[in-house]
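Here are my notes for you on this model. Please keep the structure open as you read, and look up each residue as it comes.

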Amino acid sequence: MTILIFLIVLGILVFIHELGHFLVAKKAGVRVDEFGFGYPPRALKLGKKWGTLFTLNWIPFGGFVKIFGENYEDDFSSSSDFKNLNFTKISKKWQATILAAGVVFNILFAWLLFSLGFLIGLPTSVENDFGAEVKNPALTIVDIVPNSPAQISGLKTGDKIKEISSVNKNVLKELKPEAVSDFINKSSGRILMEIDRGGEILNFNILPDVGIVEGKKIIGINMDIVGILSLPIHKAIYQGGKTTFNIMHLTVFGIGNLIKDAIKGDADMTNIAGPVGIIGLVGDASRLGFAYLLTFTALISINLAIINLVPFPALDGGRILFVIIEGIIKRPINPKFAQIANTAGFALLIALMLFITYRDILRLF
């Protein structure tokens, strides 16, 4: 079921992204030869509509829109019948707009999901900036330190702490972040935690560590009292947009730092997830509830948008960079160079995805 949910989420995000390219290309009068779900080899022809062939392909992690002339194919420039249908023959502004449309659609989709989430109810801290009370507040794990006792024991972000006690059955009566931290610090051995994970009650036996924070016993969790916040539609739309913008800013900052560290050779790849890792995260989100799944899907949509804007060959950002260069030098980039650059870029991206997937698999054992 988790894999099915992941494929549905991925399929929706890819469809939204490629739909942006497709609609703007059609608006610009450019011929779109194929709209493919997944990567070739082709599995099934779904039919031809509006002059475009829709296909289903065997490799499910992605999708594409084949725009006539975008990849520097033979452009039939000598034939007036094809001149206005070719990507390379429209203005540079339209070319950049078509290439950026997928990113814009992913961002707008994230805004829609966050707005819908705020409308039906999203997990929110009781100390929020919305000026509204949350329903059903509970002490919730909001972050886990990597390689900490909490992570090793199997605790997850979003877990609700129902009870915490010592092995001698000394139960903490006040479930607040400060009280729990103090209880753990003063413990003389293992602690017992009863967790609500999406309605499923789980029990954990955890030994606090004194090596993470000097002079203090911790298990490696950050906590907050979180409940469900529902907003009227106008506020939900506003907060959805605000949340989307804030997460975009954080994502750009995070990816920028990762690229900078990679150039220096100091990149930390431990927190990067590939398809296998994302499947697990989607499963966790779906078990916690529909609102969590909406939020997680919106986060993936934003990440997909920002990563696609990186000026690297084969990504939308790399193609936009080529358009900008052509606009500056006032002539097309050599088609052979563009094809080689895009092919090499795509190969490097596939290699990176396989490497990250390999690391994801190792984490399972």
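1. Let's start with the salt bridges: there are six, where a salt bridge is a side-chain nitrogen of Lys or Arg within 4 Å of a carboxyl oxygen of Asp or Glu. Keep in mind that this is a predicted model, in which local features need pLDDT of at least 70, side-chain atom pairs count only at pLDDT 80 or more, and totals for chains, interfaces and linings use all residues. Residues are numbered from 1 along each chain as its sequence is written, and side-chain values use heavy atoms, with hydrogens and water left out.

2. Find glutamate 326 and lysine 92, whose side chains form a salt bridge (2.7 Å, N to O). Glutamate 326 sits in helix α9 (residues 316-329) and lysine 92 in helix α3, so the pair ties together parts that are 234 residues apart in sequence. Helices (H or I, at least four residues) and strands (E, at least two) are DSSP runs, numbered from the N terminus. Glutamate 326 is buried, at 5% relative accessibility, while lysine 92 is partly exposed, at 32%. Here buried means under 20% relative accessible area, exposed over 50%, and partly exposed in between (1.4 Å probe, protein chains only).

3. Next, aspartate 159 and arginine 197 form a salt bridge, with their closest N and O atoms 2.8 Å apart. This pair links distant parts of the chain, 38 residues apart: aspartate 159 is in the loop between α4 (149-153) and β5 (160-166), and arginine 197 is in strand β6 (residues 191-197). Both aspartate 159 and arginine 197 are buried.

4. Now try aspartate 224, in strand β10 (residues 221-229). Which residues does aspartate 224 touch, not counting those up to four places away in sequence? They are Ser125, Ala138, Leu139, Thr140, Val142 and Pro177, a contact being heavy atoms within 4.5 Å. Aspartate 224 and proline 177 are 47 residues apart in sequence, yet 6.3 Å apart in space, C-alpha to C-alpha.

5. Finally, how far can you trust the model? The mean pLDDT of the chain is 82, and 83% of its residues reach 70 or more; pLDDT is the predictor's confidence in each residue, from 0 to 100. Over residues 75-81 the pLDDT is below 50. Where pLDDT is low, the predicted coordinates should not be read in detail.
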